[in-house]
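Biologist: Let's go through this model together. Can you bring it up?

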Amino acid sequence: VPMVAPGNVQVHVINSTLAKVHWDPVPLKTVRGHLQGYKVYYWKVQSLSRRSKRHVEKKILTFRGNKTFGMLPGLEPYSSYKLNVRVVNGKGEGPPSPDKAFKTPEGVPSSPSFLKITNPTLDSLTLEWGSPTHPNGVLTSYILKFQPINNTHELGPLVEIRIPANESSLILKNLNYSTRYKFYFNAQTSVGSGSQITEEAVTIMDE
C-alpha cells in the first residue's frame, strides 16, 4: 500500500452545502504501485444549532487519477465537519492526512414542522406551530401572511406579520366573522426565508 499521506490539505467552504478540498500530490515513488486516485473521508461532527452529537457516519468520495482537488457536495448547513485525504493504489489506501476541521455557514431553514389553527371565534383564530426540523442556522423570526378568500375563491388583501423566533403560538384578532382565511407561514435565518406551509381556516358565523 502507499507509504505517505497527501500533505497541505486545505478546505475552501463555498456555501452552506458545498466545500472544495485541495491537497498536494504524494511523490510517485511513495505510491509503491499504480496511482489510482485519492479518497476524501469526511464526516459531520455536530450541528451548530443543536448541540446533540449522534452516530458519526463517515462518507467517502473517490477522485480518480492524479487530481489534487475535489468538491464535497450535499453538506448540511451550519455544521462542523472533519475530513482527511488518502492516496489509493491497486493494493489499497495509504495513511490518512491529519484531520482537517471546517464549518459550513448558515442556510435557510426547512419549513415549520406544523401549523395548526384552533379556537375559532367571531373575530379571532389561534395559531400554533412547530419549529423547523432543520433550522440550518439561528432562527431570527417567523413570517405569517394571510388573506381572506371570498365565496368565488378570490383572494383579498394580504397581511404580513413578523413573529419573534421564540414564539410558538399567536391569537389573531379583529378578523371578519364567517370568513375563510388562507395562511402562509415560514421561518427565517439571517440568510433568508425557508419554504412555507399553507393552511386555511374559517371564523365562525355567530355565537
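**Loops, strands and overall shape**

Modeller: Start with asparagine 136: this residue is buried, with a relative accessible area of 17%. Buried means under 20% relative accessible area, exposed over 50%, and partly exposed in between, using a 1.4 Å probe and protein chains only.

Biologist: Where is asparagine 136 found?

Modeller: In the loop between E9 and E10. Strands (E, at least two residues) and helices (H or I, at least four) are DSSP runs, numbered from the N terminus.

Biologist: And what is the phi of asparagine 136 near?

Modeller: Phi is near 55 degrees, a positive value in a residue other than glycine. Most residues other than glycine have a negative phi.

Biologist: What about asparagine 119, buried or exposed?

Modeller: Asparagine 119 is exposed, at a relative accessible area of 51%. Its phi is near 50 degrees, also positive. Asparagine 119 sits in the loop between strand E8 (112-118) and strand E9 (125-132).

Biologist: Before we go on, what are the ground rules?

Modeller: This is a predicted model, where local features need pLDDT of at least 70, side-chain atom pairs count only at pLDDT 80 or more, and totals for chains, interfaces and linings use all residues. Residues are numbered from 1 along each chain as its sequence is written, and side-chain values use heavy atoms, leaving out hydrogens and water.

Biologist: Back to E10. How many of its residues are buried?

Modeller: In strand E10 (residues 141-149), 7 of the 9 residues are buried, so E10 is largely enclosed by the rest of the structure.

Biologist: Which strands do bridges join to E10?

Modeller: One is E11 (residues 159-164), antiparallel to E10 and joined by 6 bridges. Another is E13 (residues 180-189), also antiparallel, with 9 bridges. Two strands pair if DSSP finds at least two bridges between them.

Biologist: Which residues stand opposite each other?

Modeller: Isoleucine 143 stands opposite arginine 162 in E11. Leucine 144 has phenylalanine 185 in E13 as its bridge partner.

Biologist: Zooming out, how many helices and strands are there?

Modeller: The protein has 0 helices and 15 strands. Of its 207 residues, 39% count as buried.

Biologist: What is the radius of gyration?

Modeller: It is 26 Å, while a compact globule of 207 residues would be near 17 Å. The radius is taken over C-alpha atoms, and the globule rule is 2.2 Å times the number of residues to the power 0.38. Along the principal axes, the C-alpha atoms fill a box of roughly 85 × 35 × 25 Å.
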